[in-house]
Amino acid sequence: MHRYIPNSEKDRVDMLKAIGKEKIDELFTDIPEQFRLGRDLDLEATKTELELDRLMKSLAAKNKNIDDLTCFLGAGAYDHFIPTVVNHLAGRSEFYTAYTPYQPEISQGTLQNIFEYQSLICELTGMDVSNASVYDGAHAAAEAAVMTCAAKKRDKLLVSSTVHPEIRQVLKTYFRFRGIELIEVPMKDGETDYDALAEMTDKTVAGALIQSPNFFGVVENIKKVSETMKESKALTIVSVDPISLAVLEPPGKLGADIVIGEGQALGNDVALGGPYFGFMAVTDKLVRKVPGRICGQSLDEDGKRAFVLTLQAREQHIRRFKATSNICTNQGLMILKAAIYMNTVGKEGLKDVAIQSMQKARYLRNLLMEKGLAEPVFDKPYFKEFAMKFTKPVAEINEALLESGFLGGFDLNSRYPMPNTMLIAVTEKRTKAEMDAFVKALEVIK
Amino acid sequence: MKHYEKLIFEVSKPGRKAFHLPTIDVDDLSLDEMLPEDLIRKEDAELPEVSEMDIVRHYTNISQKNYSIDKGFYPLGSCTMKYNPKANEDAASNPGFKNLHPYQPENTIQGALELMYELSDMLAEISGMDKVTLQPAAGAQGELTGLMLIKAYHENRGDHQRTKIIVPDSAHGTNPATAAVVGMEIIEIPSDHQGNVDMDALRGAVGEDTAGLMLTNPSTLGLFEKNIGDIAEVVHDAGGLLYYDGANMNAIMGQCRPGDMGFDVMHYNLHKTFSTPHGGGGPGAGPVGVKDILVPFLPVPMIAKEADTYLFDYDKPLTIGKVKSFYGNFNILVRAFTYIKAMGREGIKEAGETAVLNANYLMHQMMDLYQIPEEMLCKHEFVAAGLKEAAEGVTTLDVAKRIIDYGYHPPTIYFPLIVHEALMVEPTETESKETLDDFGKVMKQIAHEAKDEPELLKNAPHQTPVRRIDEVRAARDLILKYKDSLKE
């Protein structure tokens with residue numbers, strides 16, 4: 001028998017006998033003959049652990065990773081430092097081999113973490129209530145949009161063109177099947193065109209989705225948007241970089257109704273795009289409209305503090321035909337990592353990460369300008385990412401950079417009519433030496 | 001030992017640190033040199049201030065309040081809580097997988113693309129489907145994707161009136177919710193006394209408005225739907241498509257395949273059938289397999305192979321678009337790939353066989369005292385309609401809570417909804433005969449207690465970090481974050 005199956009051949013025989021059978025095949029007589037496979041699956045033979053180890057290492061070795069390359073690529077997935085305790089603790093099998101907390105008495109570890117995570121997300125975003133996550137940042141946007149339309153009983157949503165293109169793509173898919181109209185708000189000088197947004201808003205619009213820092217790294221005017229929305233009794237959804245909230249005024253203070261975002265930057269690996277998690281926080285008013293799980297504090301029979309999933313009447317397994325979301329369990333382990341990360345870097349550390357990322361971004365941006373290698377595209381307040389215009393196609397530059405061991409920035413021309421424009425991300429991990437070397441490499445390419 | 005009862009916020013003490021960055025090596029600009037004042041945060045986010053030791057103790061202590069597969073038997077029906085092999089975790093923590101940026105050029109991620117390409121092929125072979133997308137992040141998102149594909153298929157044929165999805169009343173809760181979310185209407189049809197689809201009801205339900213049927217096979221009762229051939233014919237003749245909910249795939253691996261039974265589209269739960277960890281509630285992965293007729297509508301990108309090079313293929317004019325950022329829960333895919341390679345064709349088949357043997361063996365041990373139909377042949381799980389005999393007021397919930405006292409995780413309870421006082425037991429193949437024997441004894445013991453000492457059940461669990469929790473209070477006096485608790 002396979003090493004992951006404990007029973008021996010003799011156990012198998014004994015067990016069959018105990019239930020009055022002789023052969024395993026007798027357990028499958030309920031499958032009509034015409035549907036029996038009648039052959040072996042066309043898969044390779046069983047691999048021993050040693051063979052498996054070789055195979056997986058050889059596949060991994062065919063990739064170049066961001067330890068091998070110096071990464072200036074961001075665009076929604078960021079190379080922030082992950083303190084070692086994050087993976088040590090999230091790697092405890094008491095966490096990762098448990099399932100969703102259906103039996104709260106033996107799931108207090110998971111539940112307490114969800115409660116602490118919700119508390120931390122509320123702190124960062126300045127909101128009243130956080131759920132226990134959705135699949136990723138794009139999915140958070142889709143759920144927030146659907147929730148907004150349901151709450152307002154309107155079926156139009158404004159989405160700024162400065163919102164991450166992948167988010168807008170996912171929204172398009174979700175909206176197509178739900179009959180929600182997605183209206184794109186144009187951009188102006190690297191941020192949402194607020195006047196256009198105001199013109200496009202009327203009482204048929206459920207709300208607006210903006211991103212800040214937006215896809216180009218520019219910090220947007222959340223307050224202006226939320227004021228516009230309030231005039232039409234519409235909601236404001238803001239997608240944020242959680243790291244930025246250590247230093248930026250939180251959307252909760254600026255009139256946002258729903259704050260969402262991609263959580264990867266909080267202690268999760270870039271992992272070729274997943275698993276990540278989406279966070280979602282709302283005002284008290286919207287608590288009964290939020291999709292996904294929410295953990296609440298209560299008392300047990302002995303009067304002791306205890307945690308439990310709550311407000312379940314919102315959820316798909318209760319609402320069934322009337323559901324507006326079908327999400328159930330999703331990214332539990334990712335929010336565990338995020339919570340450990342936030343607690344480890346702590347109040348001061350998260351600010352340090354944000355500030356150093358900003359300081360280094362400014363150093364690199366200035367150096368690129370000084371050396372005459374590229375020009376900034378927008379003159380707007382920005383966080384850790386910025387768009388620079390070069391004299392050559394970005395694809396060409398990146399190919400050459402790769403040869404020198406650099407992962408260049410995102411080619412904005414692939415999503416916007418912005419030729420020769422690179423979106424460069426700088427995190428606290430980059431050193432002066434790395435940035436100097438990056439600029440040197442660009443000088444050669446020029 | 002004294003119980004650890006603290007929240008991380010209660011451990012926090014001003015000035016404590018578990019993290020430092022190197023001294024800044026470029027200009028040490030202040031925040032107001034970098035941002036206009038009105039954008040700068042006025043009040044700090046009150047994150048905890050703790051030491052590294054505090055963090056380690058905190059999470060180690062709270063982790064020990066969890067029950068987990070590594071600790072013991074976890075027969076949670078429909079969740080396939082099988083062993084999560086450590087080799088999967090090793091592979092997934094290899095920097096060559098976990099440190100890949102999603103926008104890296106294709107030529108730097110050939111190993112990752114090869115893995116995804118081959119995983120799609122292996123999943124297609126196991127299920128008899130033609131093509132598999134790995135993008136959906138979970139079973140529920142797989143279902144959503146599947147129904148979007150069905151809708152796109154009908155719409156592309158100009159069949160706009162096909163808006164109804166037929167679902168048996170034994171279906172997973174997500175099935176009706178998913179249909180509602182993609183704007184389809186649900187028709188629920190009854191099951192017969194053996195949990196099979198009522199054929200007359202099905203014939204009466206199909207028509208020109210039928211978009212499709214969603215089915216779990218084996219059903220949520222753990223029984224193989226023997227009429228599947230006829231069901232497929234009825235639905236296809238009416239112009240509908242068949243959706244297979246892959247939650248119960250473990251039972252049939254290597255025996256039969258959804259694709260051969262007539263299903264057109266399905267989702268897999270990699271965190272069930274293919275051993276990726278449940279993570280305390282995710283992350284999972286819910287790839288979707290389809291027959292050729294649905295391939296044009298699959299999400300982009302697909303992974304393609306040209307000569308010896310792997311690449312992302314966005315060239316699909318009829319695609320439904322993207323359902324998720326990037327390419328799916330990649331590092332979960334790595335684990336599932338590792339598992340299928342470890343098992344191989346023999347191991348995959350043995351897993352299915354043993355899962356079914358274990359379930360039937362355990363069912364026989366429980367038959368005397370729990371309501372289970374005689375002469376039943378189950379697949380990977382079985383459903384008991386509670387106890388045969390118990391003192392008044394003893395419920396399945398009480399049985400479940402008492403199981404905890406004996407050191408096991410309870411089965412799924414009160415599901416499927418069509419079974420009164422349901423206890424849904426799925427032992428999986430990774431449990432030994434001894435474990436099943438012990439659990440069988442415990443279940444017998446509890447059945448006796450239910451008659452003779454019902455208080456033991458009503459007051460259970462007794463030994464857990466907390467006892468039964470006041471859920472009404474939790475929903476009434478909402479405390480959803482630490483600061484809410486301070487207001488009390």
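How far apart do the C-alpha centres of domain 1 of chain B and domain 2 of chain B lie? In this predicted model, the C-alpha centres of these two domains of chain B lie 43 Å apart.

## Domains of chain B

Chain B is divided into domain 1, covering residues 8–63, domain 2, covering 87–342, and domain 3, covering 351–473.

## Contact between the chains

Chain A contributes 166 residues to the contact and chain B contributes 166 residues. On the side of chain A that touches chain B, helix H11 of chain A (residues 332–370) gives the most, with 23 residues. Sorted by class, that side of chain A has 81 nonpolar, 46 polar and 39 charged residues.

## The sheet of chain A

Chain A holds an open sheet of seven strands with mixed pairing, in the order S2-S10-S9-S8-S7-S3-S4. Strand S2 (129–130) and strand S4 (181–185) of chain A each have a single partner strand and stand at the edges, so one side of each is left without a neighbour in the sheet.

Within this sheet, strand S7 (residues 205–211) and strand S8 (residues 235–239) of chain A pair in the parallel sense over five bridges, and Ile210(A) has Val238(A) in S8(A) as its bridge partner.

## Helices against the sheet

Helix H7 of chain A (residues 165–178) packs on the sheet, where it touches S3, S4 and S8 of chain A, and the direction of helix H7 makes about 155° with that of S4(A).

Helix H6 of chain A (residues 137–152) lies across strands S3 (156–160), S7, S8, S9 (258–262) and S10 (278–282) of chain A, and runs at about 160° to S9(A).

Technical notes
Residues are numbered from 1 along each chain as its sequence is written. Chains are lettered from A and ligands numbered from 1 in the order in which they are written. This is a predicted model: local features need pLDDT of at least 70, side-chain atom pairs count only at pLDDT 80 or more; totals for chains, interfaces and linings use all residues. Two residues are in contact if their C-beta atoms, placed from the backbone, lie within 7 Å. Helices (H or I, at least four residues) and strands (E, at least two) are DSSP runs, numbered from the N terminus. Ala, Val, Leu, Ile, Met, Phe, Trp, Tyr, Cys and Pro count as nonpolar, Asp, Glu, Lys and Arg as charged, and the others, Gly among them, as polar. Two strands pair if DSSP finds at least two bridges between them. Axes are lines fitted to C-alpha atoms, for helices over the stretch in contact, and angles run from 0 to 180 degrees between N-to-C directions. Domain bounds come from an automatic or database domain assignment.
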